[in-house]
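Student: I am new to this structure and would like a close look at a single part of it. Please take me through that part slowly.

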Amino acid sequence: MYGKLKNLIGKILAEKFAFDGFFQVSPAPKFTGCDYATNAGRKFDENQLQAFREELLKTGIFEKVKFIPPFTNLKLKMDFLRNSFSEIFEEKPKTKRKEKILIEFVSANPTGLLHIGHLRGAVIGDTLSRILKESGFDVIKEYYVNDRGRQIDLLTQSILAIKNKKPVPEGGYQGKEIEEIAEKIKDKSGEEIKEFAVACLLDEIKKDLKKIDVEFDSFFSEKKLYEDKKVDEILEILKKKNAVFEKEGALWLDVKEADEKDRVLVKSDRSATYFLSDIAYHYDKFKRAQILINIWGADHHGYVARVKKAISILGFNPENLKVILYQIVRLKRGNEVLKMSKRDGTYLLARDVIDEVGRDAVRFFLISRKADAQFDFDLELAKKKTNQNPVFYLQYAHARICSVFEKAKTKSEDFEVKNLNLLGEETRELLKKACEFEDVLKNCVEDFSPHYLTVYLSELATLFHNFYEKTRVITDDIEVTSARLSLLKGILQILRRGLNLLGISAPEKM
RNA sequence: GCCCCCAUAGCUCAACUGGAUAGAGCACCGGUCUUCGGAACCGGGUGUUAGAGGUUCAAAUCCUCUUGGGGGCGCCA
């Protein structure tokens with residue numbers, strides 16, 4: 001709807017007023033008695049305003065055009081609203097976008113099990129992927145596996161120590177999952193243990209992600225990056241760009257102007273840093289896609305500037321790498337903040353949380369806040385099967401509509417949309433909201449912010465419940481009944497699509 | 001010490017990206033059931049948008065400083 005109005009107003013401005021600057025279309029506040037507002041005419045004089053008003057009325061879609069400086073408020077004709085609504089039912093061919101997007105998320109080290117923070121990254125990445133796909137992009141979901149290096153060596157040492165009943169090395173790994181691996185390694189050699197352990201842990205990680213319906217198209221191995229000589233290659237390329245210099249026996253990348261200081265690529269012991277292999281990884285990603293999205297925990301923010309700089313040295317536009325940083329999640333039970341200590345055994349794993357509150361609640365709550373805000377996840381609230389819980393509120397709207405169709409002895413899928421012209425003023429707000437679905441998806445894509453969708457669906461559900469309480473759907477009047485069922489069919493369709501994009505179930509009965 | 005993110009109603013969060021009188025849910029009080037699902041709906045009030053300046057016709061939003069919370073700054077990953 002916003003897109004539509006913006007196009008229409010933009011056209012009038014360009015054709016009749018030779019104006020092509022920036023303007024907005026926003027919802028009109030209640031007191032105006034209008035639907036939408038635009039600030040497009042804020043610099044017009046009295047004559048221009050009159051002309052603008054006439055041009056707007058000439059389109060035939062506005063019932064009222066009301067000027068309150070600096071806004072022009074617009075009230076839509078019901079006819080236009082009903083027509084816009086009916087487009088929901090049209091099978092539109094998806095507009096194919098030419099850019100391929102590679103979205104990398106979770107990428108937790110295979111040295112242990114996932115925790116709640118990883119889940120936030122997982123849900124943001126997965127939901128965003130779904131929305132991007134729905135919007136016509138070709139999307140690759142990728143998990144970068146750090147299956148080599150110091151942490152993995154430490155993992156191997158920890159496993160051997162546990163097996164030999166010796167103390168785990170400083171900063172090493174322990175826990176039930178590590179003990180289980182130690183029991184299974186028998187007389188495997190060092191390299192075999194590494195591979196085995198990584199495979200086992202990655203398998204556990206995949207199982208957890210599967211529980212909340214997060215699956216990847218590819219798992220990219222850091223080790224393979226080395227084996228395929230991609231790391232050596234990238235060093236040569238960077239050298240050719242004259243961006244590498246030697247100091248104190250190490251090789252450095254000249255990123256000082258973007259980052260705080262220059263960064264080491266190859267240490268004085270000739271081994272590569274994580275930074276170097278990461279550049280190689282991003283180089284590889286850019287060969288496979290035009291737009292990269294990385295979803296990282298906020299503790300990686302210091303890393304963004306240097307990676308972007310490295311990318312631009314390689315000749316790619318750093319703007320085509322979008323890094324979404326998400327802040328930490330605190331777990332609460334009611335008012336009590338859970339202290340997460342591995343030592344006290346109070347540490348809640350991702351799987352514990354999923355098992356306790358369920359997939360739908362985990363996904364909904366973790367996606368319903370913008371990524372860069374810290375977030376308190378209340379396990380008590382997430383578990384509640386009452387109206388306090390927004391997940392159930394949404395699903396209830398869906399189930400309620402299903403039950404109306406059941407009562408009407410028809411199926412929503414088979415129901416033929418008709419008599420929309422019989423929908424009256426009482427459906428205005430609901431129709432409007434329904435017509436804004438595409439705008440919301442567009443906002444999600446433009447901002448890489450999937451959380452708008454949860455806000456929107458909750459609002460849509462509220463308006464539906466509101467309408468439902470006031471207006472009987474199934475009446476003695478067959479014509480009116482079919483009009484209202486048509487309305488419900490549209491709402492149902494949006495709820496389903498929306499819930500599906502969020503990866504939340506849309507139950508027909510609850 | 002330097003850098004990044006955050007601060008909105010008692011609580012959890014929105015605010016269409018610089019717009020009008022800052023909105024929802026929860027909590028609290030009261031109401032709505034012979035009718036399609038009461039897991040719902042309706043009504044009631046709450047704000048110095050952490051604070052102080054600045055830019056703008058217009059600031060929760062942009063700039064500067066202060067306070068508080070989180071995080072990052074090694075030839076770590």
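From which domains does the lining of the second largest pocket draw at least three residues each?

Tutor: This is a predicted model, in which local features need pLDDT of at least 70 and side-chain atom pairs count only at pLDDT 80 or more, while totals for chains, interfaces and linings use all residues. Residues are numbered from 1 along each chain as its sequence is written, chains are lettered from A and ligands numbered from 1 in the order in which they are written, and side-chain values use heavy atoms, with hydrogens and water left out.

The lining of the second largest pocket takes at least three residues from each of domain 2 (100-237 + 269-326) and domain 4 (390-502), with bounds that come from an automatic or database domain assignment. A pocket here is an open set of points on a 1 Å grid over the protein atoms alone, where a 1.4 Å probe fits and protein lies on both sides within 12 Å along at least five of seven lines, and lining residues have an atom within 4 Å of a point.

There are 29 lining residues, and Lys92, Phe437, Glu438, Leu441 and Arg497 lie nearest the centre of this pocket. Two or more lining residues come from each of helix 1 (2-17), helix 16 (428-435), helix 17 (437-447) and helix 19 (478-502), where a helix is a DSSP run of H or I with at least four residues, numbered from the N terminus. Helix 17 supplies the largest share of the lining, seven residues.

By class, the lining of the second largest pocket holds 13 charged residues, 10 nonpolar and six polar; Asp, Glu, Lys and Arg count as charged, Ala, Val, Leu, Ile, Met, Phe, Trp, Tyr, Cys and Pro as nonpolar, and the others, Gly among them, as polar. The volume of the second largest pocket is about 1200 Å³, this being the space filled by probe spheres set on grid points that are joined across faces, edges and corners.
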